Amino acid sequence: MSDKVQIKLKLNNADLLEQVSPTLMLADFLQESKNLTATRVCCGIGVCRACTVAVKHSAQESFEATRACITPVVSLDGATIKTTEGLAEADQLHPLQEAFLKNFSFQCGYSTSGFLMGAYSLLDKLRLAPVSADKIDEAILEGVGDNICRCTGYLRYYTAIKEVILATPGLVLQS
Amino acid sequence: MITDKDFERDHLKIPFYFGRIMMAKAGSQPDYLGQPVALLYIKSSDFLELGARLLDLSSYLRFGAEASSNSPSSYGETRITRHNDGPGSDSFSVVMDGLSSPPWEAPDIKGSSNARCVFYGNLIEQELETKGWELFEEKFSTQSIDPCFMESESGIAWYDKKHKSLNMTLGSQSPYDDGEACATIFADKACPYPVMTVKLNCCYPGGGFGGRDHSDFPLYLAMAAIYADGKAVRIVYNRFEQFQAGIKRHPAQIHEKIALDKNGVIQALKADIQLDGGGQNNFSFAVQAVAAQNATAAYFIPRLDIKSKAMSSKAVTSGSMRGFGTLQAMFALESLVDQAAEKLRMDPIELRLKNLLSQSKATSTGAKPSYEIQSEKVLRAAQNSKLWSQRESFKKSKSNKNLLYGVGFALALKSYGTNLDACLANVEVEADGQVRIKCNAIDMGNGSATTLPLVIADLLGRNADVMKTGVTEEFSSLKLTASFESSQGAEDQKAKNPRWVPFISMAQAASCSAFQMRHAVREAASIVLRYGIWPAACQLGKISERTYDSKRMQWQDGQLLIDGKHRLSWTDILQRLHKEGLISGAMVHTYYRAQWSKADFKIGLQTETLPIDALALRSGSKGGYTLLDREKVQMPPFKNNLIGVDMYTPYGLLVAVSVNKESGEVRLEEAEGFIDVGQVIQYEIVEGQAAGALAMGLGQALYEDLPLTKGGPGEGGWNIGRYRLPTMRDMPLNRFKLHIIEAIPGDPPKGMAEVVECPVAPAIANAIAHATGKRFRDLPISAEKVKGALA
């Protein structure tokens with residue numbers, strides 16, 4: 001097996017120094033090494049986006065929705081990673097989590113983490129580059145339009161994400 | 001590595017249900033393409049380094065000469081013939097005459113059931129030709145698809161040889177039967193791996209939709225554990241393997257003919273349904289039977305001759321999937337009815353209104369539905385929708401040089417329950433105020449884990465705090481035993497044993513949560529209320545008249561109000577209940593076969609007849625469950641087996657589509673659903689199921705398609721990257737509405753997770769026909785097919 005490589009990460013606000021194999025994917029690192037099991041694997045080839053996490057490569061950038069099943073963890077040296085486990089703060093759920101619960105957005109729940117982190121990255125992007133109200137749907141499709149869910153038909157995810165965008169100051173340009 | 005040779009050496013026996021052999025034998029022909037050849041063990045530390053999720057071995061396959069199938073040619077066949085020549089009862093039906101099956105005899109009206117069946121089949125054929133009815137005859141096909149639940153099948157297991165126990169954790173829709181099957185494999189006395197106990201921990205699965213119902217995955221997991229020298233093994237199918245091994249929806253070839261009189265009344269239906277069951281029987285025997293039973297969709301049709309058959313093939317095994325044969329059969333009839341309306345120049349909804357099945361009319365088997373079916377209200381609501389009433393003007397205004405716009409409708413009627421419904425439920429109230437439910441329901445994306453905790457609210461004044469699904473082992477307190485009996489007499493004899501029931505635990509299937517599972521949970525909660533909470537409250541409130549009467553009580557803000565004046569807090573009641581050792585938990589078994597089983601139970605000093613057939617009770621906080629002996633049990637009559645099913649949910653779906661003239665791409669622009677679900681337990685779940693089914697049905701209608709053998713998923717090269725599933729981009733955001741028809745007082749909640757998918761494909765096909773003037777009868781209606789037809 002391959003020689004391990006040392007990398008630095010900030011994972012859900014914790015600074016980590018890790019020795020990892022160059023072939024180890026982020027999804028496996030999270031699940032097997034860190035016991036962070038909210039990140040789900042479905043297709044394993046980066047299509048369904050169930051494994052989406054939020055990754056930021058520098059302080060100036062926004063979080064990017066990143067497919068953990070096809071991202072080698074060594075490629076994230078120096079990056080900041082946020083997973084579903086890192087969303088709530090001091091037992092206070094993130095507004096997206098609250099909105100997903102309120103809207104009954106999910107059913108079996110397997111795709112939920114991917115939708116949460118895709119939407120979380122979208123909110124961060126809108127924070128840096130707000131859109132006009134008529135572009136919100138387009139932005140939501142950009143953020144989670146390729147995520148696959150088999151239970152819900154997506155409509156209640158869409159409603160919840162839109163609610164949070166509209167309720168969060170600074171994400172929508174005032175007309 | 002473990003192969004079939006090891007299985008043979010160790011006398012492993014595959015349960016009949018799961019096919020002939022589990023592993024293809026080296027040097028022999030496999031039963032089907034994709035059949036496993038070996039179990040390969042990898043140390044966990046090495047596994048992640050292999051990039052195992054990306055393994056696509058299909059390019060290494062080399063095919064030899066064409067070989068014939070080892071499997072039996074048919075996994076089962078059904079013929080539903082019914083003749084009703086005008087008002088009054090049927091001259092011939094399944095309920096009257098029993099099931100008919102081959103070999104067929106010479107037609108004879110006074111002969112055996114088979115001879116009479118052939119006689120009436122021939123008579124219907126004659127009448128089709130001689131009565132002057134308008135005939136519509138077409139061929140339809142539906143494709144093989146994968147349920148594509150998001151979490152692939154996976155599990156961990158280990159074998160404890162010292163204690164002869166097999167321990168497994170996995171997500172399944174049928175944990176009880178899986179455990180039983182795993183024990184059977186190692187039951188031979190010569191097998192060196194004896195298994196006395198299977199402990200199966202059924203965890204919450206990431207979707208199911210039928211695909212985890214009697215899958216063979218648990219068997220492979222059990223075998224892998226047995227040969228692992230006591231170490232724990234983990235099997236996680238990657239998505240290529242899930243496509244290769246997972247249960248598929250049956251592809252169907254349907255040849256159908258309907259006859260309508262001049263008033264638009266359907267007088268006869270003749271159908272030939274052929275399903276491809278793939279390499280193992282699995283549920284093919286049942287899917288083809290349900291396809292036949294539900295082939296009449298939402299209609300009363302007086303003359304029927306429906307033949308259905310599931311064939312074996314070299315394809316990946318087909319089995320249970322949402323819609324279970326009904327979806328395929330309804331695609332054919334709902335397309336044909338629409339075509340007939342067009343030809344007869346009738347409004348398609350008006351034509352449907354003339355032909356509805358209702359509670360007073362018999363279904364295809366000749367059975368009367370147990371509850372009213374409000375299909376008429378469904379149709380009237382759809383008819384009044386602007387999308388329908390103004391469809392011609394929408395078509396005109398929204399079509400342009402690039403797009404064709406059309407509106408289509410389809411009506412579905414789907415039974416809920418299997419008519420062999422065995423439910424287990426346990427409700428407990430704890431001294432700390434928590435209410436806990438355990439039951440054998442599984443939430444596979446159908447909302448059971450959300451809705452069942454709510455169904456006790458009117459009894460206990462609150463929803464459950466803890467919900468544990470997929471429970472089997474904890475119900476061993478009921479000490480149940482089951483056997484399949486083939487006559488009323490044999491069942492009566494068995495029922496003398498107070499532990500005997502026809503079935504112990506059903507799989508999660510057939511939209512059974514809302515009616516069947518709810519009943520079991522409520523019965524358990526009701527016993528806790530009457531024998532625990534009520535007497536505790538009466539003691540606490542010093543109420544002298546302690547006879548329970550639901551009219552005397554009311555829950556208000558978490559407090560129990562008795563006789564309008566005694567207000568008692570939940571916490572105080574539970575503390576008193578536990579202190580006094582009153583009933584704090586009830587564990588029940590229920591059985592439904594067109595009626596509930598009933599029995600007398602002596603609880604304390606009272607004997608009550610309850611709609612359950614086994615009961616154990618827990619008193620106070622300590623100790624386990626005490627089993628009560630039932631008396632005067634009344635199992636549902638054996639003849640109810642012939643009814644098939646007796647409860648139905650109607651769902652109408654209106655859709656608008658646009659068709660790109662150049663590419664042939666069809667887009668779902670708008671949808672409105674209309675449903676009679678009886679009492680609504682949780683509106684958001686009902687709407688969520690309907691929206692989810694719309695997406696799933698959209699994939700079936702337009703995108704998904706698996707080759708059956710060569711080039712198909714059995715080769716191991718399929719994943720979501722080449723299998724288009726609908727995404728949010730394909731859905732009509734802000735343009736889907738669900739209308740719920742007001743329930744008839746007294747109607748129960750009705751199962752609805754399956755029916756909502758059944759009309760999607762025919763509604764879309766009918767909308768495309770409205771838009772383009774072309775009828776598509778083969779699914780999926782791909783862009784290539786549409787483009788070709790428009791060229």
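In what order do the four strands of the open sheet in chain B stand? The order is E10-E25-E26-E27 (chain B), and the pairing is mixed. The structure is a predicted model, in which local features need pLDDT of at least 70 and side-chain atom pairs count only at pLDDT 80 or more, whereas totals for chains, interfaces and linings use all residues. Residues are numbered from 1 along each chain as its sequence is written, and chains are lettered from A and ligands numbered from 1 in the order in which they are written.

Strand E26 (residues 666-675) of chain B pairs with E27(B) in the parallel sense over five bridges. B:Lys737 in E27(B) is the bridge partner of B:Glu672.

Chain B as a whole contains 21 helices and 27 strands. Its C-alpha trace spans about 80 × 65 × 60 Å along the principal axes. Of the 791 residues of chain B, 55% are buried, a residue being buried if 20 or more other C-beta atoms lie within 10 Å of its own, exposed if 12 or fewer, and partly exposed in between, with C-beta atoms placed from the backbone. Two residues are in contact if their C-beta atoms, placed in this way, lie within 7 Å. Among contacts in chain B between residues at least 6 apart in sequence, 78% join residues at least 24 apart.

The largest nonpolar core has 292 residues, such a core being a set of buried Ala, Val, Leu, Ile, Met, Phe, Trp, Tyr and Cys residues joined through C-beta atoms within 7 Å. Helix H17 (residues 513-540) of chain B gives the most to this core, with 16 residues. B:Ala222, B:Val521, B:Ala524, B:Val528 and B:Ile764 have the most contacts inside the core. Apart from neighbours within four places in sequence, B:Ala524 is in contact with B:Ala425, B:Asn426, B:Val427, B:Ala586, B:Met587 and B:Val588. A second, separate core of five residues includes B:Tyr32, B:Leu33, B:Ala315 and B:Leu708.

Helix H6 (residues 217-226) of chain B is largely enclosed by the rest of the structure, because ten of its ten residues are buried. Among the buried residues of H6(B) are B:Phe217, B:Tyr220 and B:Ala222. The buried residues of this helix pack against strand E3 (154-160), strand E4 (165-170), helix H5 (175-185) and strand E6 (233-236) of chain B.

Strand E21 (residues 606-610) of chain B, by contrast, lies largely in the open, because the number buried among its five residues is zero. Strand E20 (residues 598-603) of chain B pairs with E21(B) in the antiparallel sense over five bridges, and B:Thr609 in E21(B) is the bridge partner of B:Asp600. The two strands form a hairpin with two residues between them, and B:Gly604 in the turn has a positive phi of about 65 degrees.

Chain A comprises five helices and seven strands, which follow the pattern β-β-α-β-β-β-α-α-β-α-α-β along the sequence. Its radius of gyration is 16 Å, close to the 16 Å given by the globule rule for 175 residues, so chain A is as compact as a globular protein of that length. Buried residues make up 51% of the 175 residues in chain A.

The contact between the chains takes 36 residues from chain A and 36 residues from chain B. Helix H1 (26-33), helix H4 (136-144) and helix H5 (155-167) of chain A each supply at least two residues of the side that touches chain B.

Conventions. Two strands pair if DSSP finds at least two bridges between them. The radius of gyration is taken over C-alpha atoms; the globule rule is 2.2 Å times the number of residues to the power 0.38.
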